[in-house]
Amino acid sequence: MARDLAQSTLERFRKRLEEEQERLEGMVRDIEAEREEVRLTETSSDRSPDPNTAEGGSLAFEMEKELSLWQNAQDILAKIEEAVARIEDGTYGICDECGNAIPVARLDALPYTKLCVDCSANRR
Ligand SMILES: [Zn+2]
């Protein structure tokens, strides 16, 4: 069963996915560059952040926060890649779980989703 989406609609989603992919890749690069800088600073001096001091604690917190941003971005990038592949093979917009069509409104909000609202709610 193929989702009955107009070619122009698919192209619109593909473009949005590509834009999002670019944005996330830029973010991942920024985070990696920053972490590398912190790592170099740490190894070149012996002032590694001590989590028991306020300064070290907040730096550790910052790095923790960035790591979760980085992981989140990687997750979404993987989903975007999958979504683009699904556009290619004509299964884009079909729920991976129940096989029903995902409403365009939902795809508009989350272009990389592969679950309909119901299935996505059931997964939580
Ligand atoms: Zn579903």
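In what order do the elements of the protein chain run from the N terminus on? Color the model, which is predicted, by secondary structure and follow the chain. The elements run α-α-α-α. That is four helices and zero strands.

**Whole chain.** Zoom out. The radius of gyration is 20 Å, well over the 14 Å that the globule rule gives for 124 residues, so the chain is more spread out than a compact globule. Along the principal axes, the C-alpha atoms fill a box of roughly 60 × 30 × 20 Å. Buried residues account for 10% of the 124 residues.

**α2.** Select 54-89, the α2 helix. Step just past α2 to G90. Here phi is positive, about 80°.

**The core.** Next, select F13, L17, I80, A83, Y92, I102, L107, Y112 and C116. These nine residues make up the largest nonpolar core. Two helices each supply at least two residues of this core: α1 (7-44) and α2 (54-89).

**I102.** Stay in the core and center on I102, one of its members. Which residues does I102 touch, not counting those up to four places away in sequence? Show G93, I94, C95, L107, T113 and C116: I102 touches each of them.

How values were computed. Residues numbered from 1 in each chain as written. Predicted model: local features only at pLDDT ≥ 70, side-chain atom pairs only at ≥ 80, totals over all residues. Core = buried A, V, L, I, M, F, W, Y, C linked by C-beta atoms within 7 Å. Buried ≥ 20, exposed ≤ 12 C-beta atoms within 10 Å, placed from the backbone. Contact = placed C-beta atoms within 7 Å. Rg over C-alpha atoms; globule rule 2.2 N^0.38 Å.
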